[in-house]
Each structure stands twice: as structure tokens, then as C-alpha cells.
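Please open the structure in your viewer and keep the sequence beside it. The stops below each give something to select and then say what is there.

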Amino acid sequence: MASEEYRVESDTLGPVKIPKDALWGPQTERSRNNFPTGDLMPLAIIRAFLHLKKAAAESNVEVGDEPKEKGEAIEEAIDQLLAMDDETLRKSFPLHVLQTGSGTQSNMNVNEVVANLANKLHPGLNILPNDDVNRGQSSNDTFPTAMNIVAVEALDKLEPAVQHLIDELKVKEKKYWKTVKVGRTHLQDAVPVTFGQEVSGYMSALKHDLHYIQVLKPTLYDLAIGGTATGTGLNAAPGMTEKIGKKLSAVYGHEFKVDNNKFWGMAHHTGLDVVHGALKTLAADVFKIAQDIRYLASGPRAGYNELNIPANEPGSSIMPGKVNPTQAEAVTMAAARVFGNDTTITFACSQGQFEFNVYKTIIIATFLDSCKILTGTITGFADKMIHGLTVNEARMDELLENSLMTVTALSPHIGYHDAAKIAQAADKAGSTLKEAALKSGKVTEAQYDEWMDLVKMTNIDNCKQED
């Protein structure tokens, strides 16, 4: 690298060559070269750090632990950074997730960029990354604080996506509430249900999932800030932590708390682990719903063919006219990823040794990945599959007519044993159930027609639609 392309700065380990125009400093540069693998640190984490550093600067000034002119310079620099679009902001934050598990290097990346920009804006103040921007803080309490903040933000985006899918399903539930079809258990024919009843089950599952997320989310409001290095709060000015909590609550619109056990907040990530468990549960339910719909839409000639799905794109490069359930495939693949992510998070959360957990960066990157892919694929599934979904009533009627399990309606009148014989006889002879029933001599045609009320068999009048 030619001399004009870099500058030299020193940290406690010695001199470091840094790209000339870069806002970061030596610790960022060391990490950039030592850890070049994997995904970049999510910008959501960087923005949360910036809000945290601004709140810390304001709080330190208010409690008299930071000169006002330095605090205001730090705040001004942060405001400029927060106003940048993602592409511009990324240029100053090049570090990867797979770095030190404490996130120390990303914390220092923020400290160095803020300090250098503040010094450019206010030459002569000599604002230092560690002594000024990081005053009263440690990577050990700032990174887990940022983790919880961005997790809450991600859930704020996921929750409306789940509700949107519920709303789209509600339309189908109402429209097809009395559309009778074959029910299935064990992948075998069962007594009739309506498609609306099936959809109501999907909706109920999603509403429960959404409720679980909303109930568990407040555990993420507990912030580790104020614990500094080991949870003792060493070097944090009295009153600083409480002020930071109030300022962050105002920024994000959530009641963040700082009066918690810092030893827990830094060595354990219980909240992220338990909330991600709810995401895994949501993924499992979405997987089941998407699986049902793509199976019921299978065909159009050699499958169930009970549902018609939107033709969003050609389904084959060789078979003309083929339509595939691609939105179901996308959301089920996302669910598979979430299942794996849950294993990663569970293992990583178990790796707290003594006063600290050193898997923080992978925990939060994985948590955010689950939220992002669920939010996107659930929205696509709602808009591009469920919205345009219709039923093939003729096919439903055909399968229902040929079903043998409607014989269950005869059981209360002629007994289970004789009803089973009728079903077996129809299956063996390849006849309709009615033909077998009349041939058995146990049922008259008038009785058969009276008892074989398919709509009544669904108990639809006693079933309540999902609100």
C-alpha cells in the first residue's frame, strides 16, 4: 500500500496502518484484518450503539462526568451518522459478526468513528474513543444492551407480518366457512370438515404464537448497561445508568429497564433464548400451515386439487404450464432455517463462563436473521399465496362423495360394528357408501338420506369462527 493511501495511528499494541480516509481507528483496523470471514455486523446493531452512545454522552454531561463541549460534540457526530443511509453508514462500519464474542471490536469501531468525526467537526477538543465516547461503559455492557434493543426492534416488524397473515386467513375463513370437504387424520380420510374450519385452526395457531411473542418480549426490556466490565458498575458515574435507560426508552418507545441484575445481564441471555423459542414455535406453525396448503393444492390432475393457488411465475424450465407453490416453499425453508437458528442460540446462550458470555455476536446475528426471514416470507405468503387462494368446490364434492368415513354418521343408529362392515364392503366392491349401506339391509334409502347430512356432520352451527 503506497504511503499516500494510508495513515498511521497507534493503540496500546503499537502502530497500525489505516486507510487514509477511513473514520475508524486502529482497533477497528486490526479486527478488519484479523476477522475477514462471514456476514457483516448488522447495521441495526450499529444504529443501536449510536443511540446508546448519544444517551451516554448526554447522561454523563448531566451528571457532571463529561465536559459539556465534549458531550455536545459527540452528540453532533452521532446525529450525523444516524442521518446517513445504510450504504453510506456501512462504509465506516466494516467489521464482521465472527469477531470476538463480546462484540468489543464493534463497540470500539463505534467509539473510534464517533470520536474521529467529532474531532473533525470540532478540532482541538481531542475527543478520545475510550475516555470520552466510551466513558462509564464497557463493551461487556454496551453490546448486550444493543442486542436487546435490536431484538425488540426486529419483533416490532415481525408482529405486524403475523397479524397480516391472520387477517388474510380471516377473509378465507369467512368466505369458506360452510364449504364442506373431506377431513383427514393420519393422512387418511376422516369425517367431513369445512375449509373455513380448517382455516380457523390456522388462525388460532398464529394468534397464539403472536400472543406468546408479545408476552415474552418484555423480558428483552432489561438492559445490561451500567454493569461495565463484570457487572459491578465500576467507573460508571452515579445516576448515569438511570438516565440512559430513560433516554433509550424515549427513542424506541419501549419501557427499557436498568434496575436489574447486571451479572445476569452480561453472563446470560435468557430473554433472547426464550423469545427465540417463541419464534421457533411460530416457524413450526407456519410450516404446518404452508405444508397443508401446498398439499391441498397439489395437482392439478394427479393430486388433491382442492385448492387453487395463484400462478406467480412459471414453475418449470422444461414443463410448459406448470405452477408451483413457491411461496409455501419459501416460508417453509425459512422455518427450517429458524429451527437451526434456535439450536445455535440455545447452545450459544449456554456458553457463559463466570461473569460473561462470549457468544454474543452470533446470538444476536442469528436472532435477527430469524426475525428478518420470518417477517419477509410470512408477508410474501400472505400477499402472494393466501390472498389469491380459492377452493375447487367440484373437486371437494367429488372426494367427499367417494369418502368412506362419512359412514360415521350411521354409527349412532346402527352401531359401530355394522357401520364398519358397510365401509369395508364399499371399499372392497369399489361401490359408493350408499350402495353398500342399502345392500347391507341395515339402512333404508330414506334413513340414509336423512342421517347422511354432511353439513350437519361438521357441527358447523356449534363452531365459532375465529375473531
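Begin by selecting histidine 186, which sits in the loop between strand S3 (180-185) and strand S4 (188-194), where helices (H or I, at least four residues) and strands (E, at least two) are DSSP runs numbered from the N terminus. This is a predicted model, in which local features need pLDDT of at least 70, side-chain atom pairs count only at pLDDT 80 or more, and totals for chains, interfaces and linings use all residues. Residues are numbered from 1 along each chain as its sequence is written, and side-chain values use heavy atoms, with hydrogens and water left out.

Histidine 186 has a phi near 60°, a positive value in a residue other than glycine, and at 76% relative accessibility histidine 186 counts as exposed (exposed means over 50% relative accessible area, buried under 20%, partly exposed in between, with a 1.4 Å probe and protein chains only). Most residues other than glycine have a negative phi, and most peptide bonds are trans.

Next, select asparagine 235, in the loop between helix H8 (195-216) and helix H9 (240-252), where phi is near 80°, again positive in a residue other than glycine. Asparagine 235 is exposed, its relative accessible area being 64%.

Finish at helix H13 (residues 360-386), whose 27 residues reach 37 Å from the first C-alpha to the last. Of those 27 residues, 19 are buried, and H13 is therefore mostly covered.

Technical notes. The expected span of a helix is 1.5 Å times one less than its number of residues.
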